[in-house]
Structures are given as C-alpha cells and as structure tokens.
Amino acid sequence: MLEIKNLNVHYGGIHALRGIHIDIPENKIITLIGANGAGKSTTLRSIMGLTKSSEGSIQYQGESLLKYKTKDIVEKGIVLVPEGRRIFPNLTVEENLILGAYSRKDKAGIAKDMERVYELFPRLKERSWQKAGTMSGGEQQMLAVGRGLMSKPKLLMMDEPSLGLAPLLVKEIFSIIKEIHRQGVTILLIEQNAKASLEIADYGYVLETGSIVLEGKGKDLLTNEEVKKAYLGEAK
Amino acid sequence: MKNTKRILNIISIIALIGLLFIFEQTFDSYKMRIVNLCGIYVILGLSLNLINGFTGLFSLGHAGFMAVGAYTAGLLTLSPAMKQMNFFMKPIVPFLAEVEWSFLPALIMAGLVTALIGFLIGAPALKLRDDYLAIATLGFGEIIRVVFTNTQSLTNGALGLKGLPTHTNIWWTWGIAFITILFMVFLIKGSYGKAFKAIREDEIAAEAMGISLFKHKVMAFTMGAFLAGVGGALLGNLLGTIDPNMFRFTLTFNILLIVVLGGIGSITGTVISAVVVTVAMEYLRVLDEAINLGFIRIEGIPGMRMVVFSLLLMIVILFYQNGLMGSNEFTWDWFLEKKFLKKSGKKEVKQ
C-alpha cells in the first residue's frame, strides 16, 4: 500500500533520516519504534508532506506522494494523529470531529462516520457539546483518534498515542487501535511503548538515529535480545 | 421553531430600521455623527476580529488599511474642481484629475484596493507568527501612512484631502454594518470559518487535517483588509476631510480595544462593544474638560478619557479575560430559552 524507499531528510545541518526503507502492506498494523530523536515523527511528517525530503521515494498505491500537498494526501486517505493529541481546545468535541472531515464533501458519509466514531468512543458522544480542552488526557486522545477517523482514512498513522496516559488508558487505546484495524484500516503506529505496540503489530521496524537497524515480525522483535535490552528494559 | 426565528429576525430588522429612522428624525448632527461612528466601528471591529479573533493572526496594521480605503474613496468621489483646489502644491496625477464616481462604486473600489494591498502585505508577512506578525503588520501600517505623507501628487501629502462629499449617512454605515454582520455569521458558520478557528487553535493539527494554512490565512487577512478599507472609506466621507495623521497607531488601538472588550472571536461581542466604546468615547469627553465641583475646580487634562479606557482594558484583561462575550454568540435559541423557559415550565406544571 505504502512503500518508502531510501528516504533522506535534512533539517538544516542535521541528517534526520538516512535512507530508510519501510513497507506498509494493506490491512496490517506496522509499528515503528525507537528512542527520542530517532526520526520516527520525521518519517510520519514526510509521508504527510509536512516535511520536505531531500532524497528517496514514497509510493502510495502505485504513485509518488512527494509531489502532493498535505491537503491532497489527506484526500487520498492518509491521516496523521499527531503527537501530543493536538485537539482544538476551544472548540466543542463535535466541531473537532467535523474538522476531521474537512477534506470530505459527502455529508451523508460524514454523518455516518460521526455515528461510527461515537460508537467506538461512547464517552465522546456524552461530551459532544463540551469544549475539547476541558476533557481529560485520555478523552482528548480518543478525540484525536476519532478526529483522524473522520477523514475516512485507508491508512491511519498515529504518533505516540499512549504518551502521558495512565496504564489503564494505554490498554484501552491499544484495544481501540485493534478494533479500528479490524474494521479494515491499515495502521502505522509510532511508539516509545515498544512492548505494547509490538504485541499488536504484524511487522515492526526499529529506528536508531535516522536509520533502520532492525526489522521483523512483531512477535520476533519482542523476543529479540537487542530489542529487549534497548527498548523493553529486560537486561540480562 | 424555524418559523419563530424567521419572524424574530424580520421583527428585529424592522425594529433596527425603525430605530435608525427615529434617530434620523430626532437627533442633531452631533448625535448623528456618533450613530454613524458606531456603525463604522462595528464594521472595523468585525474586520479586525476576523483576522485576530477568528483566525488568530495578531495583526496591527488596521489603521494603514483604513488609510488606503479612505484615500481611495476620497480621491474617487472628490469633484474635479475640488481636486484642483486641494492640489495646489503639486497637480494631481492626470488619471485621477477628471474622475468623479458615485459613492457605492467608490466604496467597493476602496475595499478592493485595500484587499489587494492586504494581499500583497499578507502573502509574505503571514509566514510569521504571533508577536513577529504583529510587529511586521504594525510596521506596514506605519509605512502606508508615511508613504501617503510623501506622495504629494497622489494623496496631497501632509495637507490631506479636504471637501470630500459627505455621502456617508446612517443608512450607508448601518446598512453596510448589517451586511458585514450577516457576512461574518455565514462565513464563521461555514467550512471556512471552521478552518479559520482550527488554525487559531492549533496550526499543526489543522494542517494535518488537510487545511491549507497559507490559503486560509491570506484569505482571512485579505477579507479583513477589504472590510477595513470600506470602513475607512465610510469614515473619510463622513468627516469630509482626511490626512495621513488620522491613521496613526492609536486608531488601530481603538479597534483592538473594541475587539478585546467584546470578546475575541465573538461577533455579538464586537457589535456591542463597538457601540458602547464609541458612545463612551464621546460622553467621557467630560473627563478631558475642567470639572467644577463648586468648592474646588479641577483643571481638565486632555487625553484623560484615554487613560480611563486603558484602565478599563486592564481591568477587563485581569478579570474578564475573555471579554464581554468570550467566544459566545447571541442566538435566538439562547434568547428564547432564557426568557421563556420559566413560562413553559409553569405551563407544564399546570397540565
């Protein structure tokens, strides 16, 4: 579905991505793990067209994404749930969701997806008239995911959805990710919480200072000694 | 419910027209000028609120935009004979010497020219954010004023333009204010308004939703400039004389005061505070004059009312951070609920 080949990104003098290859097949959960500053968010920003790459290609359903603007990429069915939630705090929950569907024109479809999101997150329905900024962190994360779903994505990319959430909520968020996946959405998940993300992922990549150092099936990576040592905190 | 609202809308429009008619019949020219200024400040307040309040772009170039609008309309409506009298230092540029437009096309032209200037300033300046944008737009506003002071054959320089036809009356000001309110209501309700608010709330998230930041920012800025130009044009043809020094930063400050007092991001708030501030500015002139308390005479200090206004602004910012209305709007739903909830409640009890 999405194929990244030899992607290089420079920020000023910093070489943030050094020729990475990532393959995202349809209907899979792919995860990208790595420490702070490894280049995870840069990868997502490059896919969305928010950061210009200096070399390499990003192919989506057979065509290059590099020539498109963010707006067109959203219309093509790729959406980013940004790091740190970034909901619109002074707008109501419902307005936030409507803005998620900004790139769409089909009113009936939008209303239907709104119902779908409310079904997935009943708590959002209860609070549809509340200002989004007044909700708890977990609810805001749910809103961020719900807002992402409103654009009817084929590929949903999430940047650290578990950041700053209580363990119980992290569990809930991950079960929701699985549920969204079951409904036929391909997912690219970026996480520092390597254990939780590798458990649900079909395939994983480990990113270190701009290069992919390891890749493999989620379960294989979970048992990999190096991953264990560096990311799962199970030193022997 | 929809019908009730429609009837209420029609009733309030008729009431407004009736009120303006009564004003026109009973008020002297001094009071009429205040009513006119109220209308103009409603337009100006809304235009600044569109840029600062709804889209979150901290722009301080409004006085410059008003100057462009006022001069455009002034030069277009001034009769050729008056132009010759005005431009005695240097003759006016030939292409303007013989034109004399009627008021409506001149107003529209004033808006369009200002929108163009707004676009030309906005396109590069809107790459900046927050206080940097404020400094840049403030600078552009001042540049416009200085340029107008020095283009003798186009704007008559520091002498300004005198003897402008005073076309502006309450029907023009309040008519255009009314159209502006309607325009704003529909704009903010629509998808553009949502995009503006999203940009105000969080630019990165808005961009990730597929909202083009540059397009919407420039659009809001240009539309705000258009309205500011129309407001400036109305002001010029109300006063009958304009000069570059009218359009100093204090003018922008007055409009900003209206927006902040009314509530950043509230159309209703801006309308209310535009009227209140304009009327108060006039009636607080008492403070500038000498006050005789019988036993003691306090000498008048010119500019005292501005001190009072600054204090008022500080109090508002300290205690009512969101202004009069916050980002809330007056709606018939709210009105009906507040006023008639008790009545309907009683009825239910009886039944």
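Strand E3 (residues 29-34) of chain A pairs with strand E8 of chain A in the parallel sense, over five bridges. Two strands count as paired if DSSP finds at least two bridges between them. Helices (H or I, at least four residues) and strands (E, at least two) are DSSP runs, numbered from the N terminus. The model is a predicted one, where local features need pLDDT of at least 70, side-chain atom pairs count only at pLDDT 80 or more, and totals for chains, interfaces and linings use all residues. Residues are numbered from 1 along each chain as its sequence is written, while chains are lettered from A and ligands numbered from 1 in the order in which they are written.

Stay with E8(A). In this strand, Ile187(A) is the bridge partner of Ile29(A). Strand E7 (residues 155-159) of chain A also runs parallel to E8(A), joined by five bridges. Here Leu155(A) has Thr186(A) as its partner. E8 (residues 186-191) is mostly covered, with six of its six residues buried. Buried means that 20 or more other C-beta atoms lie within 10 Å of the residue's own; exposed means 12 or fewer, and partly exposed is in between, with C-beta atoms placed from the backbone. Which residues point which way? Thr186(A), Leu188(A) and Ile190(A) point to one side of E8(A), and Ile187(A), Leu189(A) and Glu191(A) to the other.

Now turn to another part of chain A. Four strands form an open sheet in the order E2-E1-E4-E5, with antiparallel pairing. Strand E2 (14-24) and strand E5 (63-64) of chain A are the edges, each pairing on one side only. Helix H1 (residues 40-47) of chain A packs on this sheet and touches E1, E2 and strand E4 (55-60). The direction of H1(A) makes about 70° with that of E2(A). Contact means that the C-beta atoms of two residues, placed from the backbone, lie within 7 Å. Axes are lines fitted to C-alpha atoms, for helices over the stretch in contact, and angles run from 0 to 180 degrees between N-to-C directions. Within the sheet, strand E1 (residues 2-11) of chain A runs antiparallel to E2(A), and eight bridges join them. Asn8(A) stands opposite Arg18(A) in E2(A).

Next comes chain B. Its secondary structure comes to 16 helices and two strands. Buried residues make up 42% of its 351 residues. Its C-alpha atoms fill a box of roughly 80 × 65 × 40 Å along the principal axes.

Look at two of the helices. Helix H2 (residues 29-54) and helix H13 (residues 249-262) of chain B pack at an angle of about 70°, with axes 9 Å apart. That makes H2(B) roughly perpendicular to H13(B), a label for angles of 65 to 115 degrees. Which residues meet? Tyr41(B), Leu44(B) and Leu48(B) are among those in H2(B), and Ile255(B), Leu256(B) and Val259(B) are among those in H13(B). By class, this contact has seven nonpolar, five polar and no charged residues. Ala, Val, Leu, Ile, Met, Phe, Trp, Tyr, Cys and Pro count as nonpolar, Asp, Glu, Lys and Arg as charged, and the others, Gly among them, as polar.

Finally, the chains meet. The contact takes 15 residues from chain B and 19 residues from chain A. On the chain B side, helix H10 (191-201) and helix H11 (203-208) are the elements that give two or more residues. H10(B) gives the most, with five residues. The chain B side divides into seven nonpolar, three polar and five charged residues.

Methods:
Parallel < 35°, antiparallel > 145°, perpendicular 65-115°, else oblique.
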